[in-house]
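Me: I am new to this structure and would like to learn how to read it. Could you walk me through it, one feature at a time?

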Amino acid sequence: MSETTSTNEEKKLPLNGRRAIPPNNSNDEENEVPEMEAFGLIPRGFNPRDYLRVEDIYMFKEPHEINKQEHHTDKYYNPKLIVRRGQAFQIQIYFNRPYKPETDQFWLEYLMGRYPQQNKGTYIPIPVGNVLKPGQWGAKIIHRENNSIRLSIMSSTTCIIGKFRLYVAVLTPFGILRTRRNSATDTYILFNPWCQLDAVYLDDEKEREEYVLNDVGIVFHGNVEDIKSRSWSYGQFEENILDACLFLMDKAELELSGRGNPIKICRVASAVINSRDDNGVIAGSWNNIYDSGVAPSAWTGSVDILLEYYSSKQPVRYGQCWVFAGVFNTFLRCLGIPARLITNYSSAHDNNANLRLDFFLDDEGKVDTRLTKDSVWNYHCWNEAWMTRPDLPVGFGGWQVVDGTPQETSDGMYRCGPASVQAIKHGHVCFQFDAPFVYAEVNSDIFYTKMEKNGTQVIESIDTTHVGQLIVTKEVGGDGMMDITEEYKFREGSDEERLALETAVMYGVKKQSIQDTTYQPQTDVEMDFQAQKAVLGNDFKVTITFRNKSRNSYTATTYLSGNIVFYTGVTKSEFKKHSFSAKLEPSSSSSFDIVIKSSEYMSDLLEQASFHFFVTARINETGKILAVQKATILEIPTLRIKTKGELVAGKEMSVIVEFTNPLKQTLENVTLRLEGPGVLRTIKKQFGRIPMNSTLTWEVKCIPMRPGLRKLIASLNCDALRHVYGELNVQIQKP
């Protein structure tokens, strides 16, 4: 006896003095709903079979049927009904006899979670009426035939997003008769960008097709002068992905009643996408050691990551910014929030958000890595989600920055956004959430400061144009790049730009004014630095050019430091030091070439084959310093993909991946990955070694499921070589 009581005790959740019922934050949990809810004593001889009884409910849930077609949910690989809120859908109910409206009374009930409550939107009774009001719950009969009726049901435009359980309730004189719990009638309700009353309404059909329905995208990486792109499979319609995305909201413990609000969903998702402080989806790693997991560069899409997390409930190792952004994009598009992946080139990671990145120089004019804490990332990826912002003044709706990469804490957790892009552009950084941080990422200035022996700081040079030079996303309807820098900032040097900066400073973004410090730059000599395009494993040259605009002769003591860096701008090692004295004749230009040998960089090379050069030159006659920094990236070889056989849905075809090793060394422990939404699930294969100059060939047989234009994406990964990709567009024919 005592045992049973103790288990009962355990089942009861602890109540606290502030709430009458426990928190309702799991879409998965259920309560028991009685099939017969009596009004009092039931008289003898009462037989439920004498009354109207539901025999069957037909949901029109097949991809080719009316509901999924009209609601743009026919691509979801999910057998249940999926509809979008604020738009009518149909179901058919079969009774044990013809329905008599004069005497029979029935209604529908949608329930979510373990403690459904009407005022929280988790218990929704829907009486059958004569008219449907736009944007409000309701149901009306549109067809009657024999024992069946067809209903048109309208959901509210502010309805909670998630999975509802459906019951049909019939009134009898002695109580309410309900249908049995039947998971086949479960109904998913998603955001609706096609509905004008929805907070995520987007008015352009081509944009909806791109930002909600496209299941592959492009990640732009590299750096400003050498933009690279790779495909990413979002796979938001693949099997179990919708459930995995709903599970993320359970994991973040977002109250069910808050799940109709895209602002709240984005805010909690930006925290749960990374594993810091809440055991979220992806563990970040920027140290080039990935022994106990998958290297960030090896992933080809979000599906594997989300499914692994959904089954193991443990963070998936490892990610870097584009992986966090790719998975976040899948989550948003899957739930119906329009979303796109953004790349900001030369992104400032400003540790104290003072809109100023400090690079400290030592006596020789070299950068002092001990003192320099700020860094410029070659690029940083985040997301934009489209929604209205009723919590902000008019004009700040539209695209909102959300970022799942753990950089800095916000309200005590690693998360960022949603921050209005419009507010960032105009400097209105007082509006929630995290606008000052994003403003600094795209607008900081770089200060080169020399530390004197007595501790005073002398500013030698200021670069106001390096950070946030280019902000891009994939174009709508194609694989090209769209420049959206102007959405984030006014043109450099324009009056509007200065005004936006003054506004941001007024709203509390810290910025030291130049006037506080002694700073007289050398204006009559300009220095420029260019690096030759180079292929991984080859020598290349860099060129330093001086332009002396004055009538004086100068000599410049010049120092070049070449560093192998993470794409976050953090140095791993200095592989090249070179100093020389340059003679600068009056009113003329002079160039100096320096050769970088492959033997100098290959042993320490990191996965993104990324270098960072600092050049500092002291004009001996005036003591002034010129400084310039530049990132450069090596060309990495690509994978070749081809197909064999007929490309027809339901028929077997072959995909062949080829790679030739270009390095002067053997590649060991090579992993290949291949995936293509609608064509094949991710496949991995290990290869022991690929000798130099030899070619690896891998053939995979598969049966494509869906006709249409599809994309195959492959990656190759090993310790000596990462970020090797290939892709191929394939047109799958209808059978």
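Me: How far apart do the C-alpha centres of domain 1 and domain 4 lie?

Reply: Before the distance, a word on what you are looking at. This is a predicted model, in which local features need pLDDT of at least 70 and side-chain atom pairs count only at pLDDT 80 or more, while totals for chains, interfaces and linings use all residues. Residues are numbered from 1 along each chain as its sequence is written, and side-chain values use heavy atoms, with hydrogens and water left out. Domain bounds come from an automatic or database domain assignment. Here the protein chain is divided into domain 1 (36–190), domain 2 (216–507), domain 3 (525–633) and domain 4 (640–732). The C-alpha centres of domain 1 and domain 4 lie 47 Å apart.

Me: Which residues touch the most other members of the largest nonpolar core?

Reply: The general idea is this: a nonpolar core is a set of buried Ala, Val, Leu, Ile, Met, Phe, Trp, Tyr and Cys residues joined through side-chain atoms within 4.5 Å. Buried means under 20% relative accessible area, exposed means over 50%, and partly exposed is in between (1.4 Å probe, protein chains only). In this structure the largest core has 65 residues, and L242, L248, W322, F331, L332 and L335 touch the most other members. Its largest share, 11 residues, comes from helix α7 (residues 321–335). Domain 1 (36–190) and domain 2 (216–507) both give residues to this core, so it lies between them. Apart from it lies another core, of 60 residues, with M527, Y601, F613 and L626 among them.

Me: And what is L332 in contact with, leaving aside its neighbours within four places in sequence?

Reply: Contact means heavy atoms within 4.5 Å. By that rule L332 is in contact with C266, I337, A339, A385 and V402.

Me: Now the strands. Which strands does β29 pair with?

Reply: Strands of a sheet pair through backbone hydrogen bonds, either parallel or antiparallel. Helices (H or I, at least four residues) and strands (E, at least two) are DSSP runs, numbered from the N terminus, and two strands pair if DSSP finds at least two bridges between them. Strand β29 (residues 554–565) has 10 of its 12 residues buried, so it is largely enclosed by the rest of the structure. It is joined by 12 bridges to strand β30 (residues 571–584), and the two run antiparallel. For instance, A556 has A582 in β30 as its bridge partner. With strand β32 (residues 610–619), β29 pairs over nine bridges, again in the antiparallel sense; there T557 has R618 as its bridge partner. The hairpin of β29 and β30 has five residues between the strands, and in it G569 takes a positive phi near 85°.

Me: In what order do the three strands of the open sheet with β34 come?

Reply: The order is β34-β35-β38, with antiparallel pairing. β34 (640–644) and β38 (695–702) stand at the edges, each with a single partner strand, so one side of each is left without a neighbour in the sheet. Five bridges join β34 to strand β35 (residues 653–660), and K644 stands opposite S654 in β35.

Me: How many salt bridges are there?

Reply: A salt bridge is a side-chain nitrogen of Lys or Arg within 4 Å of a carboxyl oxygen of Asp or Glu. The count comes to 39 salt bridges. One of them joins the side chains of E35 and R180 (3.1 Å, N to O). E35 lies in the loop between α1 (2–11) and β1 (36–38) and R180 in the loop between β10 (175–178) and β11 (187–190), so the pair ties together parts that are 145 residues apart in sequence. E35 is partly exposed, at 37% relative accessible area, whereas R180 counts as exposed at 61%.

Me: Where do K228 and E635 lie?

Reply: K228 lies in strand β13 (residues 226–233) and E635 in the loop between β33 (625–633) and β34, so this pair ties together parts that are 407 residues apart in sequence. The closest N and O atoms of their salt bridge are 3.1 Å apart. K228 is buried, with a relative accessible area of 15%, while E635 is partly exposed at 29%.

Me: Is S444 buried or exposed?

Reply: S444 is buried, with a relative accessible area of 1%. S444 is found in the loop between α9 (435–443) and β23 (445–451).
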